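Visitor: Can you walk me through this protein? I'm new to reading structures.
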Amino acid sequence: MSLRLTLTALSSQYIHMPLAPFCLKKAVERAGLDVATTICDLNINDTQEELLRHLMEAQPDVLGVCVYIWNRECAARLIRRVKALRPEITVIVGGPEVTFSVAETFREMPIDYLLRGAGEESLPALLRALMSDGDVSAVPGACYPTADGLHTAPPAPSPAPRSDLYDEAWQGTLNGRMAYVETSRGCPFQCAFCLSGNKEAPGSHAVQFMPTEEALSLLIRLGSSQAGHTTVKLIDRTFNCHKERTMALLGGLIEAKRQGRLGDVCYHLEVAADLFDDEALALLSTAPPGLFQMEAGLQSFHAATLDACRRHTDMDKLTDRIRRLLAPGNIHLHIDLIAGLPEEDFSTFGQSFDRAFALMPHQLQLGFLKFIHGSELRAESWGARFAPDPPYEVLSTPWITYAELCRLHAAAEAVERIHNSGRFLLAERLALASGIRPFDLYLRLGERMTTRPGRWSLDQLTRLVYDAFLDLGVEERALRDAMLIDRLATDNTGYLPPFLQGDMTALKAAARAYRERHPEVRHPRVTLLSDGSAAVAVWMQKHPVTQRGVVEIVR
């Protein structure tokens, strides 16, 4: 008996290409089964009609859907349509979102089987049982309806990642998208807000590593690829949890870059910054600018909150390491805060925000607690309220109200559009020099943004920032100059909104004079500052870390 298997993971955006279907396809191929496997590259932004049509083009006998927090509702609707059209198709779901919500998933979706935990062992075993009328109850992680209710098995174990997944077929589907790579599975920590904190979760007790040399060879190969991607994003939960391996991988990539073996590619790593020691920091200080981008989760500075979440971190050590990572200016660093955690109220969250902001990260990501299936915080009864639908976001806690969380949502949008965009760097510095707390600044900006619903154009956002900073008492000429330089550094068109343009006759004369003195420069972007000097951007290249263009001040 042969089967046609279709796998899909319903990504959140086109640029994201989940690894799970490729892992599962490789596992089925290695098992030597008579199964023709296709991967259907879909995302949740397509219509249900488009999704169904693409799936049916493969004419599957078996459909496997990888379910995550971002695609659960879309997947449920799609599966209902599949079963309405072709009820004979065997539908199998798996993934982190259903591993710890078995009963709920069977109620919501007309599925035949649910595989808990990693699927590399369980999917081939289930297919073999289906093809030979074998004993499905022996399949690791297999859950299915029975006459007495649901047969529910413990999650299947998680194997170490393998490099043979990233073959020509995988690479051929990238088409310039971000390359997601996994060189380790599991997490050494057990934070209460994360699925990894569940002791039943696969890999919760030990991290499974791809061998170091194999991982380094893979990362260099992907960094030298001509597939068009500019970012290799490692989904390892804590890239630097094993010091010797970390040093070998970082050192190997730095050396490969120096030897010219890597292209214009950036490696995005999720790290625990406090695990970097002096030796690692010294090595990282030698990295070519732009080679590494790092994401370091802080979550909170509030000691009671960290204790409640089982995050046992020396925060003084952590902040020292972050400052030292940032000091050489060669690594782009994101840090994260989570609003709605236990024991944290509006005031203490504001204090965490100010301390995080003072570290001067390139991006400060303000997120909100998600009550993930399988996480300890979802299982406990601690008085929190959260949305019943994915992504199960916090609505209130005993320490923070819904109204306060709404204010933080508005502030988060302002942080993302104003600080994280890097478009208002100099203007932001002037605003903070007025003495306002960063938290209060972004609360105010967020409140202003809520007065106008819908999307903001860059010109509209620029005007909002200009007016808000003037209201803080920032001197108008200094603010205009800062915003002109910011605009030239982040917009290579040279276009300026009318309220920033100034004397157009004088501007044209200055641009003409610059071109006459520098005939070798094509299309310089020129504007005049308040003291009569010219700010000029030639946009030959961007800074590899900040992605800002160079602006020259011509006296």
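Guide: Let's start with a term. A salt bridge is a side-chain nitrogen of Lys or Arg within 4 Å of a carboxyl oxygen of Asp or Glu. R86 forms one with E88, and their closest N and O atoms are 2.9 Å apart.

Visitor: Before we go on, what kind of model is this, and how are residues numbered?
Guide: This is a predicted model: local features need pLDDT of at least 70, side-chain atom pairs count only at pLDDT 80 or more, and totals for chains, interfaces and linings use all residues. Residues are numbered from 1 along each chain as its sequence is written, and side-chain values use heavy atoms, with hydrogens and water left out.

Visitor: OK. How many salt bridges are there in the whole structure?
Guide: A search of the whole structure finds 29.

Visitor: Back to E88. Is it buried or exposed?
Guide: E88 counts as exposed, because its relative accessibility is 53%. The cut-offs: buried means under 20% relative accessible area, exposed means over 50%, and partly exposed is in between (1.4 Å probe, protein chains only).

Visitor: Which residue does R487 meet in a salt bridge?
Guide: R487 meets D491, at 3.6 Å from N to O. R487 counts as buried, at 6% relative accessibility. D491 is buried too, with a relative accessible area of 13%.

Visitor: Where do D320 and R324 lie?
Guide: Both lie in helix 12, residues 315–326. They are four residues apart, about one turn of the helix. An α-helix has 3.6 residues a turn, so residues three or four places apart point the same way. D320 is partly exposed at 29% relative accessibility, and R324 is partly exposed at 34%.

Visitor: What counts as a helix here?
Guide: Helices (H or I, at least four residues) and strands (E, at least two) are DSSP runs, numbered from the N terminus.

Visitor: New topic. How many residues of helix 1 are buried?
Guide: Eight of its 11 residues, so helix 1 (residues 20–30) is mostly covered. Among the buried ones are F22, L24 and K26.

Visitor: What do they pack against?
Guide: Their partners include strand 1 (3–8), strand 2 (35–39) and helix 6 (119–132). Contact means heavy atoms within 4.5 Å. Just after helix 1, G32 takes a positive phi of about 70 degrees.

Visitor: How do helix 16 and helix 19 cross?
Guide: The axes of helix 16 (residues 425–433) and helix 19 (residues 476–490) come within 7 Å and cross at roughly 150 degrees. That makes helix 16 roughly antiparallel to helix 19. Axes are lines fitted to C-alpha atoms, for helices over the stretch in contact, and angles run from 0 to 180 degrees between N-to-C directions. Under 35 degrees is roughly parallel, over 145 roughly antiparallel, 65 to 115 roughly perpendicular, and the rest oblique.

Visitor: Which residues meet there?
Guide: L425, L426, A427 and L430 in helix 16 meet A478, L479, A482, M483, I485 and D486 in helix 19.

Visitor: And how do helix 17 and helix 18 pack?
Guide: Helix 17 (residues 438–450) and helix 18 (residues 458–471) pack at about 130 degrees, with axes 11 Å apart. They are therefore oblique to each other. The contact includes L441 and R448 of helix 17, and L461 and F469 of helix 18.
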